[in-house]
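Welcome! Take a moment to look over the sequence and the 3D view, and then we can walk through a few points together.

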Amino acid sequence: MKTTDVRVLRAVTAITAGQAVVLTDGTDGDGSLVFAAAAATPQLLHFTIRHTAGYVRVALSSDECKRLDLPPMCHGDSPQCVSVDVRGTGTGISAGDRARTIAALASPHTVATDLQRPGHVAPVRAETGGVLKRRGTAEAAADLAQLAQRGRAAALCEIVSRRSPTGIARGAELVEFAVEHGLAVVSMTELVEYRRRTEPQVVRLAETTLPIWAGDSRVIGFRDVHGDGEHLALIIGTASSGIPVPLHVHVECLAGDVFGSKACHCAGELNAALARMSAQGSGVVVYLRPSGPPRACGLFTPGAAGNPTAESVAWILRNLGVYALKLSDDMPGFGLVLFGAIREHGSQTWAAAG
């Protein structure tokens, strides 16, 4: 098992058990204590308040913020919502009062009138899709709670530095803090990588048979789960899971693919791959159309169409049930990255397709 997976799963296990974990923002970034809001207790809040900045927030989905009538604290589309206390608490500031409020925010039985405003706990809206949509602490905290099957509400607060009490702990100090208190440590980068590797990144939309110059081909349409990219898998002949299948990955080029521009090699590479596969009687072309403006060599700035991920290709192949591949040696923009991503998803790879 990958080290990244081990660290994420340790954090998820701890949150499942009602414990806090240390969530970091990279090697030298700051860090927060995070725990499932549904697991809030006075003891856990006391520990959190003692070792953090004390401004405890609760990551909630947009739907929950709407349901509980939690508008943005500032004008505009700020994720920070108006602070609250659950009714029936005392001053609202004690560890016990805040634990009750946090737990109430996590409960599906809480309604808007159960909360009084302003209060001492600050809800923050986490983007749907979590860290794969927006790389933020609130999204990462909500993802961890959801992976732990504790709902999608999570408490979070920045850890204060003991070396410099007026600042926030960073880097190695966060690891030292975690070791001292027996807490799991996980970074946002590790969480992003784990989710990309374990959750499908494309959804299958449509399928048809398309007559093209290279022969009748089975075509399947896909869309990115966390974006607007739309892709095609074109299958020539049969694609068996046990026989190495030639693969060509092509990124959309409006100039070359549609207008036959001679300023690039895009159309030539695609046509050569199709001709080769037609002659061999088998092959798979993954045609990527990333989100954003269309890619057109010689017209739009390179990269303006976005960066199609190798994970999308790997998940498309996995959806097709294709695990044995022969990769073309003329696939632009992927190289060893594509090899690695495909192998991580269980596909075997052979030498170039010829």
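## Cysteines, confidence and a helix pair

The structure holds zero disulfides. Take C297 as a case: its nearest cysteine sulfur belongs to C266 and lies 3.7 Å away. A disulfide needs two cysteine sulfur atoms within 2.5 Å, so C297 is in no disulfide. Another cysteine, C157, has a relative accessible area of 0%. Buried means under 20% on that scale, so C157 counts as buried.

Keep in mind that this is a predicted model. How high is the mean pLDDT of the protein chain? The mean is 88, and 88% of the residues reach 70 or more.

| Stretch | pLDDT | Contacts beyond near neighbours in sequence |
|---|---|---|
| Residues 303–307 | below 50 | seven contacts |
| Residues 350–354 | under 50 | 17 contacts, beyond four places in sequence |

Now turn to a pair of helices. Two packed helices are described by the angle between their axes and by the distance between those axes. Helix α2 covers residues 42–51 and helix α4 covers residues 95–106. Their axes are 8 Å apart, and the packing angle is about 110°. Angles of 65 to 115 degrees count as roughly perpendicular, so that is how α2 and α4 lie to each other. The crossing of α2 and α4 is right-handed.

Which residues make the contact between α2 and α4? From α2 come P42, L45, H46 and I49, while α4 brings A95, G96, R98, A99 and I102.

Conventions:
Residues numbered from 1 in each chain as written. Predicted model: local features only at pLDDT ≥ 70, side-chain atom pairs only at ≥ 80, totals over all residues. Heavy atoms only, no water. pLDDT = per-residue confidence, 0-100. Contact = heavy atoms within 4.5 Å. Buried < 20%, exposed > 50% of the residue type's maximum accessible area, 1.4 Å probe, protein only. Axes fitted to C-alpha atoms, helices over the stretch in contact; angles between N-to-C directions. Helix = DSSP H or I, 4+ residues; strand = E, 2+ residues; numbered from the N terminus. Parallel < 35°, antiparallel > 145°, perpendicular 65-115°, else oblique. Left-handed = near helix turned anticlockwise from the far one by under 90°.
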